Amino acid sequence: MNRYFSTIPWLLQRISGAVLVVLLAVHFWVGHYADWGEPITFAGVQMRLQSTVFITIDLILLMLVVFHGLNGVRNIILDYPAFLPHNRPISLILFIIGIATVIFGIYALYPFITGGG
Amino acid sequence: MGNTINLKIFRLDPENARHEPYYQTYTVKTKPGMTVLEALFNVLDEQDGTLSFRYSCRWAICGSCAMTLNGKCRLACKTQISEYRGTLTIEPLPGLDIIKDLVVDLEPFFNNYRKIKPYLVPEGMPDKENIQMQEDVDLIEPHIKCILCAVCETSCPISWTSREKYIGPMALTKVYRFNRDTRDAGGKERLEVVRGEDGVWRCRTIFRCTEYCPKNIPITEAIQFLKRKSVFK
Amino acid sequence: MSLKDSQLKILLRTILNSDEPGTLAYVFHRLTGIILAGYLFLHIWTISSSTISPAAFDMKLGAFSRPLFLVLDVALLAAASFHALNGVRIIFFDTGIGIKRQKLGFILAIVLTVIIALLAAKLLVPVIFGEG
Amino acid sequence: MQPVFHPVLVIGGGLAGLRAAIEAKKYCDVAVLSMVYPVRSHSCAAQGGVNAPLGNVPEGRDDTWEKHAYDTVKGSDFLADQDAVEILTKEASERVYEMEHWGTPFSRTPEGRIAQRPFGGAGFPRTCYAEDTTGHALLHTMNEQSVKNNIRVYPERFVLSLVVRNRRAVGAIAWNMQTGKLEAYAAHSIVLATGGAGRIYSKTTNSLIMSGSGMFLAFRAGVALKDMEFMQFHPTTLYRTNILLTEGSRGEGGYLINSRGERFMERYAPSMMELAPRDIVARSIITEIKEGRGINNGYVYLDLRHLGEKMIDERLPGVRELCLNFIGLDPVKEPIPVQPAQHYTMGGIDCNVNGETEIAGLYAVGECSCVSVHGANRLGGNSLLETLVFGKCVGESASDFAVREQGSGENKIDRVILDAIEQEYKKTNEKMKGREGAEKPASIRRDLGQLMVKKAGIFRQEDLLREAIDGVSELSLRFKNVHVSSGTVYNLDLLHAFELEAMLSLAEVIAKGAFLRKESRGSHYRTDYPERDDANFLKHTIARYTPDGIKIEYRDVMISKFKPEKRVY
């Protein structure tokens, strides 16, 4: 990998951060605070996720948040090379974790979209 | 007559077999206008000849006497004793190996300096001087005031933890200083050195370098400029 | 006290003694970042109960609407708000805007975080005490 | 002990040393030994600028090197060697352009050329400057070039002795302050560029490292010191701390004011006023204070208020910063308390225009040398110029010598030389031990400084100078009983003891030279002989170390174009 590759994660971290600010605000409001204290129910979430707009938003949110979070963790780890001298494996491991998390996240959302099969 | 201050000074003698650091407290009579460096000289001259620290110009132009004063990296010669009451803790610059007492090993710091071609790569060789407008000099004006005192680098938490990796705020400021010099033609090469993971991207915009720089150089601003240059290359 | 320990102590004290906003912003940003990353996994794991059955999901989520978790929810919101606001502050610097006003930016982020948390807490009071 | 060999060894990492090293590097390998990191050298403390007849500003359009030479010679009170002055001024423009090409961020004229300001002794703008931190700008540029040229620098090495065999310099023994070990260096030619000896005076603008240890090295090795009695006193240094306030502050139009609010310089130098040479201004200030027109009996005011905030921030930001930092006073709003203090050592190691000393292979350049271009009084802006011009000359001649010496191209040094170095190493090693004594180096140093300021300062007279000589020898006796703490890693006590030895020796040379020079010339002012005496003293003082004490001789001044005339401003 090119040693200047790190420009891309840095840039993506900024972009994902900026998008997340907006999306998370929506997500929080719709998902939790609009009727706060009411237990969230499967049916309620399912109803919301009937709209493709919300499905798209949730999927984008999932991917961005996983990237932003794991890249943030990577940044923290990179700042302490004394503990973890080789950053390549770390990046790779985190990448795999990220992919797995996204797949698992989609898997977890799937019942809502299909109607809880 | 007069006030006193307690200097709690970090001590480490490499020639002592135990090689363990300890703190020693000295009481110094203060006078108006006294700097921390003068107080240290007072200790050295009157009380304890074994104390070691660096010094040279005594008016903040040579960059020798940077040290940690009550947890902040500052120049001893530029800091008035009257800023402190009671006890002043004096420690060596953090994040660097200690040679003796307040003297640290600056080799890693100067290594970073050497990495980035810290000299003008001339564009041409006119018979007389290069024509350069005062506005162009003003562009780099604060950055040419750098005295290589290492305060920025030792204030930076990222430099502490990834000393061998992160090129550090001083080197990045130098890159800025040369890259923005209208007479320079080596900007691309220098940017190549600092564009990587261990260059500009390791700066987490903490602002400690700018905050503590004794010459008030807007270091973070320079690094941010280099980041943008690195993206839009 | 060994040399390494005492050097570490100098570092720690230097960080803890920091009264300038930049360091605080950095420390808070990292801490909230770690908290949020941890929460992210917890969140996905919670939702994954949906794959067992809708009833399992309802039970689990129902547990999270107890007052204790709601209070934690406010803390989470505060962390997320600060992380977001400070993130916006950093993005501004990356684009070259407002670098000289970084202190003001930090104060603004803190103030807005506090306001958001207070508003959330105000919403919470009737939820816990009013109906509980 | 295996000596490290470099064909050319430069001792001192300031402007002159680095310039010499950069020049020598073109022809052979070179290394720099410096007691501090090069950027910490005292060169960075120079503020005002560097002289060169560029003619970039309207008032100095028809400036020539001859005019510059005349001003320099007149400023020197005709004691400067005119062949040296000719080289200095002829090459000035080229060297300054070179520094500009290397990246020095000079301040600029509206046309984008190097800006120039008036300085004492010239009367019109000739001094090129980078705000008021010209020395810092030049030194950092020079350091950058040394990195570019891959010059090996050994920092924090304090040279304790030179190895001289058959009147030929072959090596040096240095103390590595970081490891505490002694190190031996072998070389074909050695360049001394160790700077001045200002710390001999307690009131001085010099860095705390300016002990004149390099001059002492040469002196002990058998090289004569020239004109040591000529010590420049800078008129405007911050009251109490004696931090330099550049001559540029007067060049840009600052006034000197006494307690009655008068611009008193009109009594002493009616045409040049504040821009008369430094010796005259310094004496005028002291006279004012002595006659009761000083403030608090200790200082006068440097008034910059009429220049306005904008001008001060543009041209003299460093002065403002210094005042704010060190006396908490804003020169925009208040006048600055100033007093004269020692500033420059005009004398130094006796050498010719190529820097060659009496010992083959030993060269001197910069403030520690005496070529002599400054004579009895240096003009502001000429010291930086000297380092640039003669740095190049000396680098060239030192590398020439080394290359010739290398002859067959072999880098080996023979057995005899190794033995000589080994012997010197052992001898020096003896000195590294701690000493139990009753006297602290600091107290002797302080007494020496005060003694010299009082008895061999700006105004001198026979009985005072005799007291100075006696005082120095008394202090030398006390030095025999000095206390030095043990240990060799960064032991400042030890360093100060070494420096003190040098300072005591040089102080004696200064006092003796001043005692014997029964005239007033430039910075050397004798109240008992207030006139210049060209018949007897248009001569350089040559002081030589002998086991029975210092021997003083005189040597004629090289005069070509400019015949001595009365010096009025």
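The following questions and answers concern a predicted model, taking the contact between chain D and chain B, a strand of chain B and a residue of chain D in turn.

Residues are numbered from 1 along each chain as its sequence is written, and chains are lettered from A in the order in which they are written. Local features need pLDDT of at least 70, side-chain atom pairs count only at pLDDT 80 or more, totals for chains, interfaces and linings use all residues, and side-chain values use heavy atoms, with hydrogens and water left out.

Biologist: How much area do chain D and chain B bury between them?

Modeller: The size of an interface is often given as the accessible area lost when the parts come together. Buried area here is the accessible area (1.4 Å probe) that two parts lose on being put together, summed over both. Of this area, 52% is on carbon and sulfur atoms, and the total for chain D and chain B is about 5,400 Å².

Biologist: Which element gives the most to the side of chain D that touches chain B?

Modeller: Contact means heavy atoms within 4.5 Å, and chain D brings 62 residues to it. Helices are DSSP runs (H or I, at least four residues), numbered from the N terminus. Among the elements that give two or more residues are α4 (92-102), α5 (134-148) and α16 (492-516) of chain D. With seven residues, the one that gives the most is α5(D).

Biologist: How far apart are the closest N and O atoms of B:K215 and D:E321?

Modeller: A salt bridge is a side-chain nitrogen of Lys or Arg within 4 Å of a carboxyl oxygen of Asp or Glu. Chain D and chain B have eight salt bridges between them. In the one formed by B:K215 and D:E321, the distance is 3.7 Å.

Biologist: Which residue of β5(B) is the bridge partner of B:L7?

Modeller: Strands are DSSP runs of E, at least two residues long, and two of them pair if DSSP finds at least two bridges between them. Strand β1 (residues 4-11) of chain B runs parallel to β5(B), with four bridges joining them. In β5(B), the partner of B:L7 is B:L88.

Biologist: Is D:T89 buried or exposed?

Modeller: D:T89 lies in helix α3 (residues 82-90) of chain D and touches D:P53, D:W65, D:H68, D:A69 and D:T72, not counting residues up to four places away in sequence. Buried means under 20% relative accessible area, exposed over 50%, and partly exposed in between (1.4 Å probe, protein chains only). Because its relative accessible area is 0%, D:T89 is buried.
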